[in-house]
Structure formats: C-alpha cells, structure tokens
Amino acid sequence: MAGEQGHHRGGAQGGGYAVGDDYMRAIRGDDYNYGGHGQSQGQGQGQNQAVAVTLGKGVAAAAAAGSMLFLSGLALTGTVVALVIATPVMVIFSPVLVPAAIAVALLTTGFVSSGALGAAAMGVLAWMYRYLSRGSSSPPGSDKVDHAGAKIDSKAHEVKNWAQQRMEQARTQ
C-alpha cells in the first residue's frame, strides 16, 4: 500500500513518476496500459476507456455550458424585470433625477479634474525643486530647458538690437 501511494504521489518508491502522470494519460485516452501499472490490457478495453473518458468530458462540458446558459438567462430575466419596475419610477421622478444626474456629473468632473491638476502641479513643483537645487545630478529634461532658455535669451537680444536700430533709423530720417 505504501509503495502504491509513493507511486501515485510521484515518490521514490513508485519509480519516480510525476504527480498525476497516469491520471493525465487516462484523461487523454492515449495509454492503453492504464490502470495496472505495467500490466497489459486488451486493445478493446483501452478503446472503451477512451470512449468513456471522451463521454465524461462531453457530459462535463454540457453541464458547465448548461449552467452558464441558465445563469445568463436568469441575469437577463432579472434585468428585464428591474427595467419594467424602474421605468415608471424613472418617468415619475425624471424632473428631479435629470438635473440631479447633471449636477452629480458636474461635481464628479470637477473633483476629478481638480485632483488631476493638483497632482500635475505637485509633479511640476517637485521637478522645479530638483532643477533649482541641482545637487550632483540634474533632473531629466533640464538640459532641454537650459537650451530653450538660451535660445529665448539670444532671440530677445536680437529683437532688442533690431528695435534699437529701427528707432535710430526713425530718428535720423
């Protein structure tokens, strides 16, 4: 008995089979010698076992599909009954419910956008703090900000010089 348990559990006493090895061969129906652990069975008995396994799979699949179909029909019936009951209530209370739904939608939109903008502002402030404190390393993107600042500064000097030249030209004419 201990030897059989070791064999079924994949222990050293049973020859080192993996757990469920024989079981999986029986399920698939690809082992005609299943059941006797090496004892041969007839070809007809193996085919009967394969047919029985296939039939068992079909019955299990039909039971699962049938129960899921029943639950889906039950959900549909419950939805239709709830709609039939809720429709008169919705019609009676629609002058109150529509403005209330609009107000709830606006409040929700406001709170969500406020939170998102606050989180973005906190991210920008954290980035600015890291940028301005510039410890041993600069934050990602700071080189682009420095380059953009230098371009803006040079363009501002060009515009200033251009404006001064125009003003001098206007004075001389």
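**View 1. Confidence along the chain of this predicted model.** The protein chain averages a pLDDT of 78, and 72% of the residues score at least 70; pLDDT is the predictor's confidence in each residue, from 0 to 100. As this is a predicted model, local features need pLDDT of at least 70, side-chain atom pairs count only at pLDDT 80 or more, and totals for chains, interfaces and linings use all residues. Residues are numbered from 1 along each chain as its sequence is written, and side-chain values use heavy atoms, with hydrogens and water left out.

View 2. Over residues 1–16, pLDDT stays under 50, and the model has 16 contacts beyond four places in sequence for them. A contact here means heavy atoms within 4.5 Å. Residues 36–41 also stay under 50, with 12 such contacts. Among the elements, helix H1 (residues 2–8) has the lowest mean pLDDT, 48, while H4 has the highest, 89.

View 3. The chain comes to four helices and zero strands, running α-α-α-α from the N terminus on. Helices (H or I, at least four residues) and strands (E, at least two) are DSSP runs, numbered from the N terminus. Buried residues make up 8% of the 173 in the chain; buried means under 20% relative accessible area, exposed over 50%, and partly exposed in between (1.4 Å probe, protein chains only).

**View 4. Two annotated segments.** An unreviewed UniProt entry places "transmembrane region" at residues 69–94 and 100–129. UniProt positions are given in the numbering used here, feature names are shortened, and annotations may be inferred rather than shown by experiment. In the model, residues 69–94 are 100% helix and 0% strand, with end C-alpha atoms 35 Å apart. Residues 100–129 are likewise 100% helix and 0% strand, and their end C-alpha atoms sit 43 Å apart.

**View 5. A greasy spot on the surface.** Val-89, Met-90, Ile-92, Phe-93 and Leu-97 form a nonpolar surface patch with about 490 Å² of accessible area together. Met-90 belongs to helix H3 (residues 43–133). Patches take residues with over 30% relative accessible area and no salt bridge, joining like charges within 9 Å and nonpolar side chains (Val, Leu, Ile, Met, Phe, Trp, Tyr) within 5 Å. Areas come from the Shrake-Rupley method with a 1.4 Å probe; for residues, only the protein chains shown count as cover.

**View 6. The one salt bridge.** A search of the whole structure finds one salt bridge, meaning a side-chain nitrogen of Lys or Arg within 4 Å of a carboxyl oxygen of Asp or Glu. Lys-155 pairs with Glu-158, the closest N and O atoms being 3.5 Å apart. Because they are three residues apart in helix H4 (residues 142–172), about one helical turn separates Lys-155 and Glu-158. Glu-158 is partly exposed, at 47% relative accessibility.
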